[in-house]
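Q: I would like to go through this structure step by step. Could we look at it together?

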Amino acid sequence: MFLKHTMTGKMIEVLSLRDLFNPLHDTVIGRYHYGEEAQDPESFDKGELAFCSDEPMPKCWTDPTYRQQQSE
């Protein structure tokens, strides 16, 4: 899956979707997607990632208490 790194505006290829979907994980492993060669994997803070359309990621991917906030 590709997401945008909001700090640089570059595309990130997320290598671990399980970490991306888990709200208890604050970071994901991915690599910048630019140039002709694959870049080295890095750790990215989920708070600095968004969809390519600049839409933020769903709360259920980033906030472990998102269901508690809905019931209040």
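Q: To start with a detail, which residue in β5 does Lys4 stand opposite?
A: Lys4 stands opposite Ala50 in β5. Please keep in mind that this is a predicted model.

Q: Which strands does that pair belong to, and in which sense do they run, parallel or antiparallel?
A: The strands are β1 and β5, the latter covering residues 49-50, and they pair in the antiparallel sense over 2 bridges.

Q: Let us step back. How many helices and strands does the chain have?
A: There are 3 helices and 5 strands in the chain. Along the sequence they follow the pattern β-β-α-β-β-β-α-α.

Q: In what order do the strands sit in the sheet?
A: The order is β4-β3-β2-β1-β5, in an open sheet of 5 strands with antiparallel pairing.

Q: Which strands stand at the edges, then?
A: β4 (42-45) and β5 do. Each has a single partner strand, so one side of each is left without a neighbour in the sheet.

Q: How many bridges join β1 to β2?
A: Strand β1 (residues 2-5) and strand β2 (residues 11-14) are joined by 3 bridges and run antiparallel. Leu3 stands opposite Ile12 of β2.

Q: What lies between those two strands?
A: They form a hairpin, with 5 residues between β1 and β2. Gly9, in the turn, has a positive phi of about 80°.

Q: Which residue of β4 stands opposite Gly30?
A: That residue is Glu42. β3 and β4 run antiparallel and are joined by 4 bridges. Ile29 also has a residue opposite it in β4, namely Ser43.

Q: New topic: which residues make up the largest nonpolar core?
A: It has 10 residues in all: Leu3, Ile12, Val14, Leu20, Val28, Tyr32, Phe44, Leu49, Met57 and Trp61. β2 and β3 (27-32) each supply at least two residues of this core.

Q: What does Leu3 touch, leaving out residues up to four places away in sequence?
A: Leu3 touches Lys10, Met11, Ile12, Val14, Leu20, Leu49, Ala50, Phe51 and Met57 on that basis.

Q: Is His5 buried or exposed?
A: His5, which has its place in strand β1, has a relative accessible area of 5%. Buried means under 20%, so His5 counts as buried.

Q: Which residues does it touch, again leaving out those up to four places away?
A: His5 touches Lys10, Ile12, Tyr32, Phe44, Glu48 and Leu49. Asp45 is 40 residues from His5 in sequence, and their C-alpha atoms are 9.2 Å apart in space.

Q: Moving to the loop between β5 and α2, is Ser53 buried or exposed there?
A: Ser53 lies in that loop and counts as exposed, at 56% relative accessibility. Its C-alpha atom is separated by 19 Å from that of Phe21, which is 32 residues away along the chain.

Q: What is the phi of Asp54?
A: Phi of Asp54 is near 70°, which is a positive value in a residue other than glycine. For context, most residues other than glycine have a negative phi. Asp54 is found in the loop between β5 and α2 (59-62). Asp54 is exposed, because its relative accessible area is 52% and the cut-off is over 50%.

Q: To finish, what are the figures for the chain as a whole?
A: The C-alpha trace spans about 50 × 20 × 15 Å along its principal axes. Of the 72 residues in the chain, 26% are buried. The chain exposes about 5100 Å², and carbon and sulfur atoms supply 49% of that area.

Q: How many charged side chains are there, positive and negative?
A: The chain has 7 positive and 13 negative side chains, and the centres of the two sets are 5 Å apart.

Terms used
Residues are numbered from 1 along each chain as its sequence is written. Side-chain values use heavy atoms; hydrogens and water are left out. Buried means under 20% relative accessible area, exposed over 50%, partly exposed in between (1.4 Å probe, protein chains only). Accessible areas come from the Shrake-Rupley method with a 1.4 Å probe; for residues, only the protein chains shown count as cover. Lys and Arg count as positive and Asp and Glu as negative; His and the chain ends are not counted. The place of a charge is taken as NZ of Lys, CZ of Arg, CG of Asp or CD of Glu. Two strands pair if DSSP finds at least two bridges between them. A nonpolar core is a set of buried Ala, Val, Leu, Ile, Met, Phe, Trp, Tyr and Cys residues joined through side-chain atoms within 4.5 Å. Contact means heavy atoms within 4.5 Å.
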